[in-house]
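Work through the exercises below with the model open. Try each task before you read its solution.

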Amino acid sequence: MNPLFNYLLKVADDTLIFGQRLGELCGQGPYLEEDIALTNIALDYLGQSNNLYQYAAKVQDLGKTVDDLAFLRLEKEYLNCQLSEMPNGDYAQTILKVYFFSVYQKILYTILQVSEDAQLAAIAEKSLKEVKYHYTHTSTWIKMFAGGTEESKTRLKNAVENLWEYTAGMFAETEGEKDLSQLGIAPNPQDLYENWKFLVAEDFRNFGIEIPENEFMQKGSRTGYHTEYFGYILCELQYMQRTYPNCVW
Amino acid sequence: MYNLLDILAEIPDPEIPVINIVDLGIVRDAKMISENEAEIVITPTYSACPAMFNIEEDIIKLFKEKGIKANVITKISPIWTTDWITDEAREKLRIYGITPPEKGAHEDHLNIPKKCPRCGSENTRQISRFGSTLCKASYQCNDCLEPFDYFKCH
């Protein structure tokens, strides 16, 4: 077990699955400009995954390629959080999911850009600029939903209730993550979580949204256990590589 | 003796062909490492810029035509910024119909109006924060009504 390899997969698998989910909306967005926005964000995610998998393959040193890591692992080997697997739902849910993730990524990459690991720091610094823009985009929408009609407020409230219990899973640790944290390679996930809760609470206060009182949080993220949706996501994601092994674009 | 940057400047950006990859700031280093072998360091604009694959191929192909083997290395750090786009390239962008990015600014903290590349009016509005490529956003001029691309500060 290589802690750094595990950690890179954790970060890369999130963006891969978030990217795959948003990609489902290609050509199906609520209107043309938003369709483009979602697929642009999805593309940023895939680019970040690509950089991270490239580095992970190097760290693992078994001659694997980016495609091997992205497309040819088994369900239990994926370390993404369960939030990334949630269906796009209506637009409130689609945007809220990306909003929650953008706040997380913003804090994560801000710390990772000064990581003791130079390559991870470079990838984080590069990704941070992109993530800040995603945050601006999604928080603008959430503000609009929260200050909009009864319909938009209800939908946003439902989305918060649906997704809230999956948010803690973003901060679940992978095996060996504590060691990396002690070496100054990765941040302490508990600190990240506190930071995230603080920032989201501040935004929610500004937007006039209530945080659910129910403190129940889903467990199992980043352990190889997934929601029932994940199998379907993998089927679609891996179809080409499984059906036509080694096919290239 | 080859002037490597002059050779590299022959390669247009695949998505915005009016500017070349040197003007865009993608080329970070270029040197001969032996009599007929060059080392070219390039950096991506965005993590997922799909043009990077084409650019690498274009460099290898063009150098091969000149009898040089090009080793292309992609480095992420120091990270690319729109500040590296030359003034000349900014003007080329504007003439092409793309409003160039401001220097030394981050998009989120930018409240200055985006000038219409056609009529020069500052009375413009954002249509979408995103556009046809990762590096652009969509705007429209309220005076001449022309829709235009804006190259985001990055």
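This is a predicted model: local features need pLDDT of at least 70, side-chain atom pairs count only at pLDDT 80 or more; totals for chains, interfaces and linings use all residues.

Residues are numbered from 1 along each chain as its sequence is written, and chains are lettered from A and ligands numbered from 1 in the order in which they are written.

**Exercise 1.** Describe the side of chain A that touches chain B.

Solution. 
- Start with the contacts (C-beta atoms, placed from the backbone, within 7 Å). Here 22 residues of chain A meet 16 residues of chain B.
- Next, find the elements. Helix 2 (32-60) and helix 5 (118-146) of chain A each give two or more residues. Helices are DSSP runs of H or I with at least four residues; strands are E runs of at least two.
- Then sort by class. Seven residues are nonpolar, eight polar and seven charged.

**Exercise 2.** Locate the domains of chain B and how they meet.

Solution. 
- Domain 1 spans 4-74 and domain 2 spans 85-151. The bounds come from an automatic or database domain assignment.
- Their C-alpha centres lie 26 Å apart.
- 11 residues of domain 1 of chain B contact 11 residues of domain 2 of chain B. The domain 1 side has seven nonpolar, two polar and two charged residues.

**Exercise 3.** Trace the open sheet of chain B.

Solution. 
- Read the order: 4-7-6-5, with mixed pairing. Paired strands share at least two DSSP bridges.
- Check the edges. Strand 4 (98-99) and strand 5 (124-128) of chain B each have a single partner strand, so one side of each lacks a neighbour in the sheet.
- Strand 6 (136-141) and strand 7 (147-151) of chain B pair antiparallel over five bridges. B:Lys136 stands opposite B:Phe151.

Methods. Two residues are in contact if their C-beta atoms, placed from the backbone, lie within 7 Å. Ala, Val, Leu, Ile, Met, Phe, Trp, Tyr, Cys and Pro count as nonpolar, Asp, Glu, Lys and Arg as charged, and the others, Gly among them, as polar.
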